[in-house]
Amino acid sequence: MNILVTGGSGYIGSHTCIELLNAGHTVTVIDNLSNSSHVALQRVRKITGKEVKFYHGDLLNRQLLETIFSQNQIDAVIHFAGLKAVGESVAKPFLYYHNNITGTLLLCDVMEKYGVHQIVFSSSATVYGAQKTVPLSEELPLQATNPYGKTKQMIEEILQDLSIANPKWSIALLRYFNPVGAHESGLIGEDPNGIPNNLVPFITQVASGRLQELKVFGNQYKTHDGTGVRDYIHVVDLAYGHLRALESVVQNNGVHAYNLGTGIGYSVLDVVSAFEQVIGKPIPYKIVDPRPGDIAVSYADPSKAKEELNWKATKGLYEMCEDAWRWQKTNPLGYEKEIQSV
C-alpha cells in the first residue's frame, strides 16, 4: 500500500516510516519541518535502503494536499502532523486549535474527495486529563486539561462523527503515552527545537553537556518521590503499534481507540536514576514549579491493543535510556551538524 504519513520526518513519524518500509509499503510524507528535519528522512532511506517521496508543506495548504492525492494513489493515512507542546499550548491556545484541528479537517475533506477512508490518528494520553484511578483504560471519559490535549480530544470526536456520517471510514485512534528512546542504529532520534519539552531528550542533552542541568517540574505530587509519574514507551514499540493499527483499519470499518503504553509508571527521578546507571555519571537537576496543565500520574492499561491489534510493548526502561543515549552521543547537536553541511 501507499501510505501518506503526515509529519513523517518528525520523531515518531520517522521511526514509523522505517517500519512501514520494512513491511513492504510505499511511503509518501508531508511535513512542514517546523519541529523536524529533512535529514531524518535521509537517514530513513539509509537505514532501509528504500525511497520516501517527500512534500515540504503544511496541512493548512489545501492545494498541496490536493496535489499529493492527485499525484499519488494513496491507500491510507497515518496522521502525526500537529503542534505538541503542552506548555506552549497553554500560552498560545489559538495557534494550537487552528493548526491541529483545521489541518485535520482539511486533510479529512481531501481524503473524502479522493475516496480514502482509512486513517490512523496520532492521539495522546492527554485526552484522559486528571482521572481518579489508574491505569487508564479506553472506556474512561475524556477530559483533557490543556489546549494541546483538547485538540486531540476534539479531533477524536470529529473522526467519530465522520464515521457516523459515512460508514466507509475506518479509523484507529492511538492514545500513546510518553515516547522515548531511538532507533538502535543511532541514526534517528528525538531532536526538538530549542530546550526540550520532553524529559528524556532534556536528560540526554544535559548528560552530553549541551544543557547545564535538568529542570524537574514539581516535586509535590502525590507519588512515591513527589515527581510526576508517566508511562514511558520505546518509540520503536510505538512505531510497530502504528503498523498493527494500519493492518486493522484496512480490514475493519468504524472507529477504535487504543492505548499504546507499557502499563508501567515511572517517576521523573526514576528515569533520571536509570539514565545515570546507563551513562555512569550523575545528571544535575533542580526542582522548579510545575507546568500548567500537568497531572500527577498517568499510565496505560494496554490490554485492548494486545487483544485486538496483537501488539505489546517489548522494550524496557533501560533499553529506552541506552538507545536515547546512543542517539545523543552519535548526534551531539541532533541533525544540526549535517544540515549545515548539506
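The chat below takes up cysteines, a pocket and one serine.

Mentor: This is a predicted model, where local features need pLDDT of at least 70, side-chain atom pairs count only at pLDDT 80 or more, and totals for chains, interfaces and linings use all residues. Residues are numbered from 1 along each chain as its sequence is written, and side-chain values use heavy atoms, with hydrogens and water left out.

Trainee: Is C108 buried or exposed?

Mentor: C108 is buried, at a relative accessible area of 5%; buried means under 20%, exposed over 50%, partly exposed in between, with a 1.4 Å probe and protein chains only. C321 is also buried, at 2%.

Trainee: Switching topic, which residues lie nearest the centre of the second largest pocket?

Mentor: G261, T262, I264, K312 and A313, out of 15 lining residues. A pocket here is an open set of points on a 1 Å grid over the protein atoms alone, where a 1.4 Å probe fits, with protein on both sides within 12 Å along at least five of seven lines; lining residues have an atom within 4 Å of a point.

Trainee: And S298, what does S298 touch?

Mentor: Apart from neighbours within four places in sequence, S298 contacts A125, L136, F177, V229, R230 and D231, contact being heavy atoms within 4.5 Å. S298 is buried, with a relative accessible area of 5%.
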